[in-house]
Amino acid sequence: MFENLSDRLHAVFSKLTGRGALSEADVDAAMREVRMALLEADVNFKTVKEFVARVRARAVGADVMKSLTPGQMVVKIVLEELTALMGGSESRLVLSSRTPAVIMLVGLQGSGKTTAAAKLANLLRKQGKSPLLVACDVYRPAAIDQLEALGRQLEIPVYRGEGLDAVAIAREGIKDAIARMRDVVIVDTAGRLHVDEDMMAEAAAIRQAVRPDQVLMVIDAMTGQDAVNAAAAFAERVDFDGVIVTKLDGDARGGAALSVRAVTGKPIKFAGVGEKLDALEPFHPERMAKRILGMGDVVSLIEKAQDTIDADAASDLEARLASGVFTLDDFLSQLQQVRKMGSLSDIISMIPGANRLPKDAEIDEGALARTEAIIRSMTPAERAKPSRINGSRRERIANGAGVRVFDVNQVLKQFTQAQKMMKQLGAIPGGGKKRRFRGMPGVSGPF
Amino acid sequence: MTQPWYKRLGNGLARTRGELQGHLNVLLRRGPDLDEQFWEELEDALLQADMGVTATTEMTGRLRDTAAREALPDATAVLARLADEIAAEVRVPGDDPFTSGPATVLVVGVNGTGKTTSVGKIAKSAADAGRHVVIGSADTFRAAAIEQLRIWAERAEVPVIERAHGADPAAVVFDTITEGRARDADLILIDTAGRLHTSSDLMAELVKVKRVADRESPHPVRVVLVMDATTGQNGLVQAREFHRALGLDGLVLTKLDGTAKGGIVVAVSRELGVPVVRVGVGEGVADLEAFEPDAFAAAIVGESPAGS
């Protein structure tokens with residue numbers, strides 16, 4: 001993993017402590033680090049040049065000179081400029097009131113169009129729409145089958161227009177949507193290289209035929225410098241209204257997204273963040289700016305927690321805590337809530353500064369599963385009253401969970417500690433659910 | 001085999017010769033002077049080819065020294081030297097896992113790089129060359145991946161082994177190798193599901209697949225990573241993680257027929273010493289070819305390949 005920009009700038013400026021102001025040479029050194037960080041994140045080299053010039057102009061200003069922590073000041077400027085470059089606030093999907101509304105997806109091969117089409121259909125359905133998927137990729141073997149299989153999983157209809165060409169499928173797909181009373185059509189097209197004239201002409205012809213409300217270009221977050229060439233060609237030949245960035249669940253910094261926004265002016269509307277069909281999220285420029293700089297994403301973490309944690313279970317737990325009861329069953333249900341949020345390494349990656357952990361620090365993904373198995377191997381009576389778990393019971397539990405007695409002891413110890421903590425929490429009057437998040441450090445400020 | 005791939009790059013599909021492809025030619029057209037602007041533009045061109053900031057800075061720095069020390073006369077001489085250096089970086093010794101004898105080859109990579117298509121093309125060319133090929137569809141996750149591979153198997157007229165969607169990929173590997181043994185196959189190709197190198201569960205699944213292959217295969221087991229030429233700096237992290245988990249024997253660089261130059265493989269070869277064994281230059285069956293370090297380097301530097 002690359003170091004994050006804050007650390008790098010900190011290293012640059014730490015040599016300067018004690019001095020009051022930044023010299024031109026200091027700013028130059030800082031700008032070299034900014035440039036390096038952006039290039040390593042795959043931001044287009046031209047965009048980097050312009051960007052660095054802009055940041056530099058601001059950084060030599062009076063604010064920084066007087067600032068006690070010039071490093072933080074420069075990071076703040078970089079972050080602001082980066083967010084602005086990505087379009088400031090989030091950009092939503094604009095659909096007209098005509099029925100059906102039409103969304104068309106375009107992009108290079110392997111960028112994830114078909115998966116994105118299914119995810120988008122799923123998202124729109126959650127918003128009360130009734131989507132129809134139209135499979136226009138008549139080239140890649142089994143591409144239409146793929147969309148149909150995804151549609152089946154989601155129970156969303158797919159129009160496949162057997163034997164027709166791509167333009168005709170798109171046109172007939174709209175008719176099919178009207179006949180079936182679907183109010184949104186998502187047209188999935190074949191992946192195509194931006195230098196392939198015939199294929200670009202086909203995409204333009206599909207656009208012409210169905211007059212979509214929105215054309216979205218699907219871009220892989222792992223794309224390098226070539227992203228802007230592809231995007232510029234699609235903008236010119238087909239034209240599009242926005243971008244879906246896919247595969248952001250990996251560790252690619254996604255500088256390509258920034259470059260595409262900077263070069264074509266098209267906003268990023270959605271981000272694909274996982275293999276599951278609900279892993280498509282509205283895009284947040286500020287969070288992306290932090291990601292590009294390697295600064296973690298506390299806001300996403302909190303949203304994920306709020307999404308995942310079952311409100312009923314949480315208030316139930318609160319009531320029990322207030323009365324001073326915390327059993328192994330409660331412990332188990334808490335563990336399950338954490339597991340629902342995803343893999344531990346994902347969660348940790350969202351914590352700012354986590355990339356400073358030693359690279360070899362192994363995250364034991366199995367630990368939670370083992371703990372769960374151990375608690376599940378206990379009888380209800382044991383879970384309610386752990387003090388009765390004696391030596392022979394420990395042995396039985398260890399056998400049941402396929403672990404050593406030592407592991408069972410560890411879990412019981414952890415539980416006792418958690419119980420103690422919970423008792424203290426329970427003693428705080430009004431220790432409500434919302435409070436737990438509001439109190440988290442680093443949420444409101446930019447760093 | 002008709003024309004070499006670097007020649008076909010120029011014709012075939014009508015293509016917009018982007019500003020990029022000619023970037024370094026522009027450098028030359030500007031004049032042969034080795035001024036500050038030349039060096040800056042050279043650096044930009046390498047960055048643009050996805051060589052990465054570390055490799056770019058190192059290489060241009062070294063070239064500047066060489067140019068001064070050996071009194072290289074002009075930009076043309078510098079570019080020729082640069083092409084040689086890049087070719088040297090990617091000229092990594094290693095057997096071709098597909099043609100150097102009987103083998104079981106696992107084809108791995110992140111999502112959307114072209115694994116299934118590459119397996120299909122390799123199966124077809126090996127079968128055409130008279131080898132006994134069996135392919136296994138261990139991508140039991142992606143919708144219709146099995147159907148996609150089945151179509152390629154029909155084209156190549158080779159048997160394909162599959163299990164239901166959602167089945168254990170290691171079981172598919174077992175079945176495929178068993179079938180391969182029964183048919184006396186000398187090339188067993190296994191297509192695996194695309195996975196991000198950051199997903200520890202899926203990487204662990206792949207390690208298990210490899211373990212089963214190692215245990216069951218009558219032939220040496222090779223692992224080939226498929227990487228998309230449009231991949232940026234994350235490509236190095238990808239290669240590193242797959243190499244750490246499985247040990248890589250080769251890279252297949254796909255989608256080199258666009259404007260992307262695939263410079264990230266220079267970084268991969270430098271750091272991991274894994275050779276590029278095939279490049280994908282088009283959609284046709286014959287468009288997956290042997291890798292030519294000199295032609296690759298010439299394309300990055302923007303020179304016309306020798307002899308064209």
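Analyst: Once its neighbours within four places in sequence are set aside, B:L189 is in contact (C-beta atoms, placed from the backbone, within 7 Å) with B:V105, B:V107, B:V119, B:I122, B:A123, B:V133 and B:I135. The model is a predicted one, in which local features need pLDDT of at least 70 and side-chain atom pairs count only at pLDDT 80 or more, whereas totals for chains, interfaces and linings use all residues. Residues are numbered from 1 along each chain as its sequence is written, and chains are lettered from A and ligands numbered from 1 in the order in which they are written.

The largest nonpolar core has 193 residues, and B:L189 is among those that touch the most other members, together with B:A123, A:L133, A:V134, A:I186 and A:V187. Such a core is a set of buried Ala, Val, Leu, Ile, Met, Phe, Trp, Tyr and Cys residues joined through C-beta atoms within 7 Å; buried requires 20 or more other C-beta atoms within 10 Å, exposed 12 or fewer, and partly exposed lies in between, with C-beta atoms placed from the backbone. Another core lies apart from this one and has 10 residues, including A:M378, A:I397, A:A401 and A:V408.

Where chain B meets chain A, each chain gives 38 residues to the contact. On the side of chain B that touches chain A, α3 (36-48), α7 (145-156) and α10 (234-246) of chain B each supply at least two residues, and α7(B) gives the most, with four. Helices (H or I, at least four residues) and strands (E, at least two) are DSSP runs, numbered from the N terminus. By class, this side of chain B has 14 nonpolar, 17 polar and seven charged residues, where Asp, Glu, Lys and Arg count as charged, Ala, Val, Leu, Ile, Met, Phe, Trp, Tyr, Cys and Pro as nonpolar, and the others, Gly among them, as polar.

B:A144 is buried, with 22 other C-beta atoms within 10 Å.

In chain A, A:D42 likewise has a positive phi, of about 70°, although it is not a glycine; A:D42 sits in the loop between α2 (24-40) and α3 (45-59) of chain A, and is buried, with 31 other C-beta atoms within 10 Å. A further backbone feature is the cis peptide bond from A:T99 to A:P100, with omega near -5°, and A:P100 belongs to the loop between α5 (70-85) and β1 (101-107) of chain A.

Notes. Two residues are in contact if their C-beta atoms, placed from the backbone, lie within 7 Å.
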